[in-house]
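Here is a short report on a protein model. Look through the structure first, then read on.

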Amino acid sequence: MNRLIASGAAAYAGLGVASFLKPDVVPAVIGYSAPNADTRTEIRAVYGGLPLAFAASLVAVPASGTAIGVATAGMAAGRAASAAFEGRPSLKMAGFIALEAAVATALVLGARRASSPA
């Protein structure tokens, strides 16, 4: 596994573990709360389980970085496209767009390196 894939796997593992252990933090980042068990369960599933599955996939099959990178780029694009409806993104959302774009780029490039003959 190369450093690009490892960095993407670490980012997703960190998000997954943090979200699984502290689900209240996820909505708090954007000014909301997780007031009940159903809300926290949903956060653990989507922000905990899915990123942990992405990280495991990257570790098991580094070439999966292409698909996971494209999915990550989709998140960044969705946030950016939201500006058409909501207006200019906040500094926080712009930061998430930049972070997701950087992780997406790292994963796609890393997957290319992982699948090319040495």
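F54 is buried at 18% relative accessibility, where buried means under 20% relative accessible area, exposed over 50% and partly exposed in between, with a 1.4 Å probe and protein chains only. This is a predicted model: local features need pLDDT of at least 70, side-chain atom pairs count only at pLDDT 80 or more, and totals for chains, interfaces and linings use all residues. Residues are numbered from 1 along each chain as its sequence is written, and side-chain values use heavy atoms, with hydrogens and water left out.

**Buried residues**

| Residue | Relative accessible area |
|---|---|
| Y12 | 7% |
| F54 | 18% |
| N2 | 18% |

Across the 118 residues of the protein, 26% count as buried.

**Ring contacts**

The count comes to one aromatic pair. Rings of Phe, Tyr and Trp (its six-membered ring) pair if their centres lie within 6.5 Å; planes under 30 degrees apart are stacked, over 60 edge-to-face, and the rest tilted. The partners are Y12 and F54, edge-to-face, at 5.1 Å centre to centre with 90° between the planes. Y12 belongs to helix α1 and F54 to helix α3, so the pair ties together parts 42 residues apart in sequence.

F20 has a charge over its ring: the charged end of R44 sits 6.0 Å from the ring centre. The rule asks for NZ of Lys or CZ of Arg within 6 Å of the centre and within 35 degrees of the ring normal.

**The start of the chain**

N2 is in the segment before α1. Its side chain reaches the backbone oxygen of G110 at 2.8 Å.

**Fold**

The protein has six helices and zero strands, both taken as DSSP runs (helices H or I, at least four residues; strands E, at least two) numbered from the N terminus. The C-alpha trace spans about 50 × 35 × 15 Å along its principal axes.

**Largest pocket**

How much space lies in the largest pocket? About 770 Å³. A pocket is an open set of points on a 1 Å grid over the protein atoms alone, where a 1.4 Å probe fits, with protein on both sides within 12 Å along at least five of seven lines; lining residues have an atom within 4 Å of a point. The volume is the space filled by probe spheres set on the points.

The lining has 24 residues, and L15, Y47, R79, F96 and E100 lie nearest the centre. Elements giving two or more residues to this lining are α1 (3-21), α2 (25-28), α3 (37-60), α4 (65-81) and α6 (91-115). By class, the lining has 19 nonpolar, two polar and three charged residues. Nonpolar covers Ala, Val, Leu, Ile, Met, Phe, Trp, Tyr, Cys and Pro; charged covers Asp, Glu, Lys and Arg; the others, Gly among them, are polar.

Notes: A polar contact is a pair of N or O atoms within 3.5 Å; within protein, one must be able to donate a hydrogen and the other to accept it, and residues adjacent in sequence count only if both atoms are side-chain atoms.
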